[in-house]
There are 2 protein chains.
Amino acid sequence: MSGVDAVLGALADPTRRALLDALAARGQASASALAADLPVSRQAIVKHLTILEEAELVSSARAGREVRYTLRSQALDATARWMASLAGEWDRRLNAIKRAAEAEDQPRRPQ
Amino acid sequence: MSGVDAVLGALADPTRRALLDALAARGQASASALAADLPVSRQAIVKHLTILEEAELVSSARAGREVRYTLRSQALDATARWMASLAGEWDRRLNAIKRAAEAEDQPRRPQ
DNA sequence: TGTAGGTGCAACTATATGGTTGCACAAGGG
DNA sequence: CCCTTGTGCAACCATATAGTTGCACCTACA
């Protein structure tokens, strides 16, 4: 479950999310190609792609003189599951606490 | 779907996640109480809680001289769904592109 | 073989961010 | 009424982060 940290950190930046969108549209693209889509330099794109790759949200493969990046949905999906189960956990605990509070209050008014 | 930005930004910080954990354990707590759990000052906690509240991950309610914070699972759950559907979208697009690539290659070897 | 397109590395800048401290103010409880 | 406890505000600091520019280095290809 440690990849969650990296995924959340990676997804927190809007430029990075835009980058993922651009990659989803192209299916596969080099850093230079992606730099044409976004209003930042190629070097900035490369840095973002490195972070995304460390979070396992994209993978890279060399093809001749260029490096092609592709999306990887697995880590994103895993993080989504983690968040959903966390939300469930919160609900469970809050309900338990609410019930405990009621159980503590009821005995005080026997009538 | 604009709350996703705030939620992701809020969840990206480890101290904030620890704060949410502490809140889940207590069910309800003031900033001062939470500061006892974590290794940072109360002021830092307050700043984090403000960010979490803007992301609608917690809500606050005044109770006498203290302010009680509680978890809100809705925004977290919504973000989880967003991420899951995004992962699905990626898979769809990648499959479509892969199929298109195959359809373009097949005609070249008729036998 | 030379040149164009792509990558990689490094230095540098500016702003955002997480954190601190200090103090003033509000609210309950002896 | 005083003292404790909690909050709110502001200034301040240090580092992380997003971004830039400049240049060297491959690799395809005409």
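**Notes on the A–B interface and the chain A fold**

1. Chain A and chain B bury about 2600 Å² between them, with 76% of that on carbon and sulfur atoms; buried area here is the accessible area (1.4 Å probe) that two parts lose on being put together, summed over both. On the chain A side, the residues losing the most area to chain B are Leu76(A), Met83(A) and Trp90(A), which together make 26% of what that side buries.

2. A word on the ground rules. This is a predicted model, where local features need pLDDT of at least 70, side-chain atom pairs count only at pLDDT 80 or more, and totals for chains, interfaces and linings use all residues. Residues are numbered from 1 along each chain as its sequence is written, chains are lettered from A and ligands numbered from 1 in the order written, and side-chain values use heavy atoms, with hydrogens and water left out.

3. Counting contacts (heavy atoms within 4.5 Å), 30 residues of chain A touch 30 residues of chain B. There are four residue pairs in polar contact between the chains, both residues at pLDDT 80 or more. That term means a pair of N or O atoms within 3.5 Å; within protein, one must be able to donate a hydrogen and the other to accept it, and residues adjacent in sequence count only if both atoms are side-chain atoms.

4. Which parts of chain A supply the side that touches chain B? Helix 1 (3–11), helix 2 (14–26) and helix 5 (73–105) each give at least two residues, and helix 5 gives the most, with 15 residues. Helices (H or I, at least four residues) and strands (E, at least two) are DSSP runs, numbered from the N terminus.

5. Two salt bridges link chain A and chain B, a salt bridge being a side-chain nitrogen of Lys or Arg within 4 Å of a carboxyl oxygen of Asp or Glu. Asp5(B) and Arg17(A) meet in a salt bridge through their side chains, at 3.0 Å, N to O.

6. Have a look at Ser73(B), found in helix 5 (residues 73–105) of chain B. Ser73(B) counts as buried because its relative accessibility is 15%; the cut-offs are under 20% relative accessible area for buried, over 50% for exposed, and partly exposed in between (1.4 Å probe, protein chains only). Leaving aside neighbours within four places in sequence, Ser73(B) is in contact with Ala87(A), Trp90(A) and Asp91(A).

7. As for chain A itself, the tally is five helices and three strands, running α-α-β-α-α-β-β-α from the N terminus. The C-alpha atoms of chain A fill a box of roughly 80 × 25 × 20 Å along the principal axes.
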